[in-house]
Amino acid sequence: MEAKAQARFVRVTPQKSRRVINEIRGKRALDAVDVLHYAPQAVARDVKKILESAIANARFAADRAGEKFDAANLVVSAAYVDEGPTMKRIQPRAQGRANRILKRSSHITVIVSDVKNEKGA
């Protein structure tokens, strides 16, 4: 069983998001939730919500298919961050000049699957 959750247009830079995502990739899903709970980065809260959503999606898919579901058997098989649109802003500077400020955003995707599917693949 494989399930996916995605958050788009998250207002954090992809570089900061990837630091957190790299910590949970390949871990068991419930262990990854614990890691994210205690991570000091602000984006960890968003990633934790996405991971919990992926776990809930897996539970729903298993119930729909009539399969037995155990969250302890789930592993984060894939987790990645894509760059979203960048908002451009202007900051006034001396002598009539202007500096451009880039406010970046991210698209965060987390995919969880069963441990047996990971070993078989």
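**View A. The lining of the largest pocket, sorted by residue class.** In this predicted model, the lining of the largest pocket divides into 5 charged residues, 4 nonpolar and 1 polar (Asp, Glu, Lys and Arg count as charged; Ala, Val, Leu, Ile, Met, Phe, Trp, Tyr, Cys and Pro as nonpolar; the others, Gly among them, as polar). Look for M1, A62, E67, K68, F69, D70, N73, D114, V115 and K116 around the space. The pocket holds about 200 Å³. Here a pocket is an open set of points on a 1 Å grid over the protein atoms alone, where a 1.4 Å probe fits, with protein on both sides within 12 Å along at least five of seven lines; lining residues have an atom within 4 Å of a point. The volume is the space filled by probe spheres set on the points, which are joined across faces, edges and corners.

**View B. An open sheet of 3 strands.** The strand order is β1-β5-β2, with antiparallel pairing (strands are DSSP E runs of at least two residues, helices H or I runs of at least four; pairing takes at least two bridges). At the edges sit β1 (2-10) and β2 (74-83).

View C. F9 has a positive phi of about 60 degrees and lies in strand β1. Q95, with phi near 60 degrees, belongs to the loop between β3 (87-92) and β4 (98-103). F9 is partly exposed at 47% relative accessible area, while Q95 is exposed at 71% (buried is under 20%, exposed over 50%, partly exposed in between; 1.4 Å probe, protein chains only).

**Notes.** Residues are numbered from 1 along each chain as its sequence is written, and side-chain values use heavy atoms, leaving out hydrogens and water. Local features need pLDDT of at least 70 and side-chain atom pairs count only at pLDDT 80 or more, while totals for chains, interfaces and linings use all residues.
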